[in-house]
Amino acid sequence: METIHLTHPETPEFVPSVMVLGFFDGVHIGHQAVIEHAKQHAEQLDVPVTVVTFDPHPKQVLSNNADAVRYITPLKRKLQRIAALGVERCLVLTFTKQLASLSPQQFVDDYLIGAGAVHVTAGFDYSYGKFGEGTMETMPYHARGRFTTSVVAEQTSDGDKVSSTRIRKLLGAGSVDLASELLGAPYVICGEVIHGDARGRTIGYPTANMVMDASYVMPRLGVYATRVRLEDGRTFDAMTNVGRRPTFYDTGDVSIESHLFDFSEDLYGQLLEIEWVHYLRDERAFDGLDSLIAQLKQDETAARAILS
């Protein structure tokens, strides 16, 4: 996939295409429906699909809270997910206050008409331009007769709207399996393996201690059945703890530790991917190593059964 990064007032090259608009955090099944709709139009018109997205999230720029947003898919992973859907081109517009101040007409002129849009599609709730005054209802007017438009209706699951907000809430509640259903793939986060206390090694449960990219949505504290993908592409079933290790520390930073089943190699310095499959239990303090080891054995049995 050709990826073009632009910062206003930079404008894109003119390439006739069907343009699909959205932030696409998670590239969930609702987003996939919008992109598939665009692909169908592109096939009929014999032009490529161009996804137009933004980075960072508008809330990070327009909110007083710089920590306002955690991503289901930070930009690199979002682009990977979009490319996997067969999209030929992606325009990544750096979201700035200057870009946000453009009128709806100026945004359309510069980044849609100016980029060669022959058809534009988006979800029903997409908005654009200053204060989000432009909507898919106003898009035909702002198109100035240069392109046609279509709108993809709300996508639902179990009677509720499929949205990035809903998925973030599910992850925060530990419902990683349901979140993955809405994503159309397991929820994945990446992290580098660092040296830890090596305490797990002494009790028969060595772990890969990971520093996570702080921009990811972090699942609820607790123990999970997971799969861990190594840099060389191999994948191992695992159980992963997200928490503060209360058995050993009264307070502490949140850490992520994965015990890979049937694995004994050195992973220090590697960048691993964790697929979150199922929430097993809350993190809790134990009154000694014997009770901790007994619980870990139960966790391993449960995780192996779920992952088999």
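How many bridges link strand 3 and strand 4, and in which sense do they pair? Here are a few friendly notes.

1. This is a predicted model, where local features need pLDDT of at least 70, side-chain atom pairs count only at pLDDT 80 or more, and totals for chains, interfaces and linings use all residues. Residues are numbered from 1 along each chain as its sequence is written, and side-chain values use heavy atoms, leaving out hydrogens and water.

2. Strand 3 (residues 49-55) and strand 4 (residues 89-94) pair in the parallel sense over 6 bridges; two strands pair if DSSP finds at least two bridges between them. Strands (E, at least two residues) and helices (H or I, at least four) are DSSP runs numbered from the N terminus. Aspartate 55 stands opposite threonine 94 in strand 4.

3. The open sheet has 6 strands in the order 1-4-3-2-5-8, with parallel pairing. Strand 1 (2-6) and strand 8 (148-152) stand at its edges with a single partner strand each, so one side of each lacks a neighbour in the sheet.

4. Histidine 119 is found in strand 5 (residues 117-123). At 3% relative accessibility, histidine 119 counts as buried (under 20% relative accessible area, 1.4 Å probe, protein chains only). Its side chain makes a polar contact with that of serine 150 at 2.7 Å (a pair of N or O atoms within 3.5 Å, one able to donate a hydrogen and the other to accept it; residues adjacent in sequence count only if both atoms are side-chain atoms).

5. In helix 5 (residues 104-113), 8 of the 10 residues are buried, so the helix is largely enclosed by the rest of the structure. Among them are Phe107, Asp110 and Tyr111.

Definitions and conventions
Buried means under 20% relative accessible area, exposed over 50%, partly exposed in between (1.4 Å probe, protein chains only).
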